[in-house]
Structures are given as C-alpha cells and as structure tokens.
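Let's take a walk through a protein model together. Keep the picture open while you read, and look for each part as it comes up.

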Amino acid sequence: MTLHAALSMGGYGAYVWTSYGITLLGLSGLAIGARHRWRSAIKKARRRLKSRESSGAMTPGHEEIAQDETVSSR
Amino acid sequence: MGWLWFHRLSSPPSAYAFARRLRPWIFWPAIILLLWSAYEALFVVPPDYQQGDVFRILYVHVPAAIMSTAVYSAMAIAAAIGLIWRMKLAHAVAAACVLPGTVFTALTLVTGSIWGRPTWGTYWAWDPRLTSELILLLLYLGNLSLRGAFEDIGRADRASAVLAIVGAADIPIIKYSVVWWNSLHQGASLSVFGPSAIAPSMVAPVWVMILAYFLFFGAVLCDGLCAEIVRRERNAQWLTRVLQ
C-alpha cells in the first residue's frame, strides 16, 4: 500500500483517519487522566499526612474521624 | 474457602495492592494489541466489497460500543452490590467505571456518526439503536454529575447507585433495539459462539481489538480504583504506611 493510498483510503480518508484520531485522543486522554487522578490523590494524601505530622498529631483530628465514621456507617 | 480470596480482595488495602500490581501486566499488552489490530485494520484487511474502505471505522466503533454497555453493566452490578451489601469497595469500583464508560460511549456515537455520513448519507438519525446509545451517554453524564453534586461520599454513592441500577434497563434496549424495531442500524455481525457475518480474513482484528479494549479498560480501572481508594481511605492507617 502506497502512502497516498493509505491516506486517501479509497476516497474515505477524511472519515477513516478522523475516526482513528478521535479514538486515539479519547483513549490517551482516558489513560493519562486516570493516571493523573491517582497521582494527584496520592499527592493530596501525602500533603495531608505531612501537615498532620508537622502539627504533631499522628492520628486524624476528632472531626475528621467523626466525618469518616459517618461515611463508613452508611 | 472458595470465597476467601473474594473477602480478602474486597478490603481496600488488598484491592489497592492488587490493582497496583495488576495494572502494568494489562496496560502494556493492551497497547501492543491495540497497535497491532489498528495496523491490521488500516493496512492489511482488504476493503469491504460494498462499503469500501469506510468499513475500517468499524474496527474502532464496534469495540467501543461493546465496551460502552459492558462497562455500564459492570458499574450497575458494582453499584447494586454496594447498595445491598454496603460494600465500600463496590461503590469505589462503580465510581471508577463512570469516566471510562462515558468516553467509550462518546467514542461509539462519534465514530458511528462519522461512519454513518458516507454510508447512510447522514451523521445522525433518531434510530432506536442510536437513540438508546445516546440515552446511555446521558445516563453516564447524569452519574458523573450526581457524584460531583454531593459533598458527602456516602450520599453520592447511594444516589448514583440508584441511577445506575435504574438506567441498566437501557442495556437490553440497546442490545435488542435492532430486533424489536425497524432500524437503520444493522443487526449483530459478531457472534461469540456461532459463525460471524464477517469474512474470516476481516474478523480477527475485530476480536483482537475487543480484547485490547477490555485490557485497556482494566488498566484504566486499576488507576481509577486506586485514586478512589486513596480519596476514600485518606485517614486509614494502612494508607499512611503505604504513603510513607
């Protein structure tokens, strides 16, 4: 298959390549977005942990525990 | 004894460790299979005798369509388990399914519309299959909005679980819309157990692409689930140990 034939796709090149391009964008966005969400969740949790350690409390504050227990019990 | 692995896996620390270990083992095979099947679909498979080269769009459209309903079914089952047995991890799984499902459904509609223009002469028709797929997209978007609307994770989980379970009625409608009504959309061309309506030389890349999409979803779900677990277990001792 020549480059011209591959690009033109029998006259349907615009449709075929647009579809594959959009799919590539969608799937890459999904993979990168999911990875980014996990990393930012880890970063946020680390920041919370550091601020807790720096304030001298190794365990979460009473308010946070109460809030978490409310969520857990549901 | 047989259920022991399930109970162990349903605890957030085990699920987190399992998802982290599993992710690279499915992500890279998914990428390799995606690239191989895309190459086969674009350059190796012969053009269709009726549709010509435009049929190559179906190699990305059909797997996305299968994933859109499969992910919704998984989400509804996880939501039901979370709602009935109050399993927090099931709600986390359901939450992690929403975004991938939305993207797969949007890709189904967009690639289907692009294929429809040269084949049917229009980007969109209010056909039963297309309309029920659009409703699926709206259900996913509704679920996303509901999750963002509540501050409290528990309330968000319950509300979106109810929507996911009610919306599951759309799945059989999508599947059988081409049987129940006169539809512009063609019937099922692929069959797991019987012979497919596609020529053997053309069908192999479709199956490989479907497998690749499933593996890819698995990898994305692993990342999404880990993010959900970290968000929900932010004060847990085990997470503190993991972070240190």
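Start at the N terminus of chain A: from there on, the elements run α-α-α. That makes three helices and zero strands in this chain. Keep in mind as you look around that the whole model is predicted. Of the 74 residues in chain A, 28% are buried. The chain's accessible surface comes to about 4,900 Å², and carbon and sulfur atoms account for 62% of that.

Now look at where the two chains meet. Here 39 residues of chain A are in contact with 48 residues of chain B. For chain B and chain A, that is about 3,900 Å² between them, with 67% of it on carbon and sulfur atoms. On the chain B side, R234(B), N235(B) and L243(B) lose the most area to chain A, and together they make up 16% of what that side buries.

What about charges across this interface? The count between the two chains is one salt bridge. You'll find it between R35(A) and D223(B), with the closest N and O atoms 3.0 Å apart. There are also six residue pairs in polar contact across the interface. Several helices of chain B give two or more residues to the side that touches chain A, including helix 2 (12-44) and helix 8 (200-232). Helix 4 of chain B gives the most, with 11 residues. Sort that side by class and you get 28 nonpolar, eight polar and 12 charged residues.

Let's move on to salt bridges elsewhere. Over all chains, the structure holds nine of them. One pairs D53(B) with R56(B), at 2.7 Å between the closest N and O atoms, and both of these residues are buried.

Another joins the side chains of K88(B) and E233(B), 3.8 Å from N to O. K88(B) sits in helix 4 of chain B and E233(B) in the loop between helix 8 and helix 9, 145 residues apart.

Finally, find R232(B) and D157(B), whose closest N and O atoms are 2.7 Å apart in a salt bridge. R232(B) lies in helix 8 of chain B and D157(B) in helix 6, so this pair ties together parts that are 75 residues apart in sequence. R232(B) is buried at 16% relative accessible area, and D157(B) is buried too, at 5%. Both belong to a network of salt bridges that also links R147(B), E228(B) and R231(B).

Notes
Residues numbered from 1 in each chain as written. Chains lettered and ligands numbered in written order. Predicted model: local features only at pLDDT ≥ 70, side-chain atom pairs only at ≥ 80, totals over all residues. Heavy atoms only, no water. Helix = DSSP H or I, 4+ residues; strand = E, 2+ residues; numbered from the N terminus. Buried < 20%, exposed > 50% of the residue type's maximum accessible area, 1.4 Å probe, protein only. Areas by Shrake-Rupley, 256 points an atom, 1.4 Å probe, with all protein chains shown as cover. Contact = heavy atoms within 4.5 Å. Buried area = accessible area lost by both parts, 1.4 Å probe. Salt bridge = Lys/Arg side-chain N within 4 Å of Asp/Glu carboxyl O. Polar contact = N/O pair within 3.5 Å; in protein donor to acceptor, adjacent residues only side chain to side chain. Nonpolar A, V, L, I, M, F, W, Y, C, P; charged D, E, K, R; others polar.
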